[in-house]
Amino acid sequence: MMAQVTKQTMIGELLNINENVAPILLGIGMHCLGCPSSQMESIEDAAAVHGVDADQLVDTINEFLATQA
């Protein structure tokens with residue numbers, strides 16, 4: 001089954017699902033992927049902090065994950 005994420009998925013969980021998603025997060029300015037606080041931040045929270053639409057970010061991540069299957 002293909003992995004899918006939601007706005008409530010934690011960044012740490014997302015990176016465990018597929019660490020190759022990191023460039024997408026880096027692309028929105030999330031350069032502290034390794035810090036403990038970012039690991040417990042949801043995709044929605046990260047999007048808000050970085051001024052990105054959470055729904056679009058989730059769609060982008062899920063499209064990427066679909067190519068990894």
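**Core and salt bridges of a predicted model**

User: Which residues touch the most other members of the largest nonpolar core?

Analyst: This is a predicted model, in which local features need pLDDT of at least 70, side-chain atom pairs count only at pLDDT 80 or more, and totals for chains, interfaces and linings use all residues. Residues are numbered from 1 along each chain as its sequence is written, and side-chain values use heavy atoms, without hydrogens and water. A nonpolar core is a set of buried Ala, Val, Leu, Ile, Met, Phe, Trp, Tyr and Cys residues joined through side-chain atoms within 4.5 Å, where buried means under 20% relative accessible area, exposed over 50% and partly exposed in between (1.4 Å probe, protein chains only). Of the 20 residues in the largest such core, those touching the most other members are Ile11, Leu25, Ile43 and Ile61.

User: Which helix gives the most residues to this core?

Analyst: Helices are DSSP runs (H or I, at least four residues) numbered from the N terminus. At least two core residues come from each of α1, α2 (22-27), α4 and α5. With six residues, the helix that gives the most is α5.

User: How many salt bridges does a search of the whole structure find?

Analyst: A salt bridge is a side-chain nitrogen of Lys or Arg within 4 Å of a carboxyl oxygen of Asp or Glu. Lys7 meets Glu44 in one (3.9 Å, N to O), and Lys7 meets Asp55 in another (3.4 Å, N to O). The search of the whole structure finds two.

User: How many residues apart in sequence are the parts tied together by Lys7 and Glu44?

Analyst: Lys7 lies in the segment before α1 (11-17), whereas Glu44 belongs to helix α4 (residues 43-49). Lys7 is partly exposed at 25% relative accessible area, and Glu44 is also partly exposed, at 33%. The pair therefore ties together parts whose separation in sequence is 37 residues.

User: What is the relative accessibility of Asp55, which is linked with Lys7 and Glu44 in a network of salt bridges?

Analyst: Lys7, Glu44 and Asp55 are linked in a network of salt bridges. Asp55 counts as partly exposed, and its relative accessibility is 44%.

User: Is Asn18 buried or exposed?

Analyst: Asn18 is found in the loop between α1 and α2. Leaving aside neighbours within four places in sequence, Asn18 is in contact (heavy atoms within 4.5 Å) with Phe64, Leu65 and Gln68. A polar atom of the Asn18 side chain lies 2.8 Å from the backbone nitrogen of Asn20. With a relative accessible area of 12%, Asn18 is buried.

Methods. Polar contact = N/O pair within 3.5 Å; in protein donor to acceptor, adjacent residues only side chain to side chain.
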